[in-house]
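Welcome! Take a moment to turn the structure around, and then let us walk through it together, beginning with a pair of charged side chains.

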Amino acid sequence: MKRGRGAIGSYDDAFFSKKIFPRRFPSRFQLITRPDIKIFLPPIGGLTIYIWGDPDTIPDEDIELTCRVHDECNGSDVFGSDICTCRPYLTHAIEECIKTAQRGGCGLVIYFRKEGRSLGEVTKYLVYNTRKRQEGGDSAENYFSCTEQVAGVQDTRFQALMPDPLHFLGVTKIHNFISMSDMKYNAIVNTGIEIVNRVEIPQELVPLDAQVEITAKVFHGYNAGKTYQGIDTNEMKKTVGREYGYDKPENDNKRKNIVE
């Protein structure tokens, strides 16, 4: 079995294990000690549920429920990276949850430990590095292909299992779903939970460098809502990320946008 096929070539299991082991910490020691294991389960580390308002109202379909299912993004959520929309979208969801609670409803954020689409933090930063250093720089057109080049897959989050905490809480109807993800939406409604409104992130909250992410995701199926209509192939091709200009004088190293 081959792993890691992409721009950096392909490696057999033994070579892959020895290279990745120092970056996966001792908790992944089986990569070296158990060569018979051929399946690597993604590092999903549980979840935390945050509730604003009265939890007893969650099963009541007549009482407004605002919800976001958020997957951990340490670089953005904690350190404020502007390459993605994770932190501003989470912040917006918390604000909407608080407003809902103040109206007598309930707000709910489920925070999953699915760092880097469950590929792990190290892999995610390798993807970021590839995006920024590829020929032509970061672009919406190559957004998903960079992940495949590094990890071999685009996503390992198993969204089919994601709605379980919602059912545990007794959720049968979400009035405001603060997410544009088609995968999360489909996983939830396929288990019988009704979603009334899908709320996209306000455009003014999207960082300049994250225009690459939002454009690529909407083009490939994320809910555009009223805010992100009209994203087509031409928009994909012209949406690029910040140029760092390592070889340029500091005064010439300006932000380039990004969407013209």
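Glutamate 213 and lysine 217 are 4 residues apart in helix α9, so about one helical turn separates them. Their side chains meet in a salt bridge, with 3.3 Å from N to O. Please keep in mind that this is a predicted model.

Are these two residues buried or exposed? Glutamate 213 is buried, as its relative accessible area is 4%. Lysine 217 also counts as buried, at 14% relative accessibility.

**Other charged pairs**

The structure holds 13 salt bridges. Here are three of them, side by side:

| Salt bridge | N to O distance |
|---|---|
| Glutamate 96 and lysine 99 | 3.5 Å |
| Aspartate 209 and arginine 242 | 3.3 Å |
| Glutamate 213 and lysine 217 | 3.3 Å |

Glutamate 96 and lysine 99 sit 3 residues apart in helix α4, which covers residues 86–102, so about one helical turn lies between them. Lysine 99 is partly exposed, with a relative accessible area of 40%.

Aspartate 209 and arginine 242 form a salt bridge that links distant parts of the chain, 33 residues apart. Aspartate 209 lies in the loop between β7 (194–198) and α9 (211–219), while arginine 242 belongs to the segment after α10 (233–238). With 1% relative accessibility, aspartate 209 counts as buried. Arginine 242 counts as buried too, at 15%.

**The nonpolar cores**

Now let us turn to the nonpolar side chains. Which residues have the most contacts inside the largest nonpolar core? They are Leu65, Val69, Leu108, Leu166, Val171, Ile174 and Ile188, in a core of 18 residues. Two or more residues of this core come from each of β4 (65–71), β5 (106–112), β6 (173–177) and α8 (182–189). The strand β5 gives the most, with 4 residues.

Apart from its neighbours within four places in sequence, isoleucine 188 is in contact with Val69, Met162, Pro163, Leu166, Ile174, Phe177, Ile193 and Ile195.

There is also a second, separate core, made of 12 residues. Among them are Tyr89, Ile178, Met180 and Ala224.

Definitions and conventions. Residues are numbered from 1 along each chain as its sequence is written. This is a predicted model: local features need pLDDT of at least 70, side-chain atom pairs count only at pLDDT 80 or more; totals for chains, interfaces and linings use all residues. Side-chain values use heavy atoms; hydrogens and water are left out. A nonpolar core is a set of buried Ala, Val, Leu, Ile, Met, Phe, Trp, Tyr and Cys residues joined through side-chain atoms within 4.5 Å. Buried means under 20% relative accessible area, exposed over 50%, partly exposed in between (1.4 Å probe, protein chains only). Contact means heavy atoms within 4.5 Å. A salt bridge is a side-chain nitrogen of Lys or Arg within 4 Å of a carboxyl oxygen of Asp or Glu.
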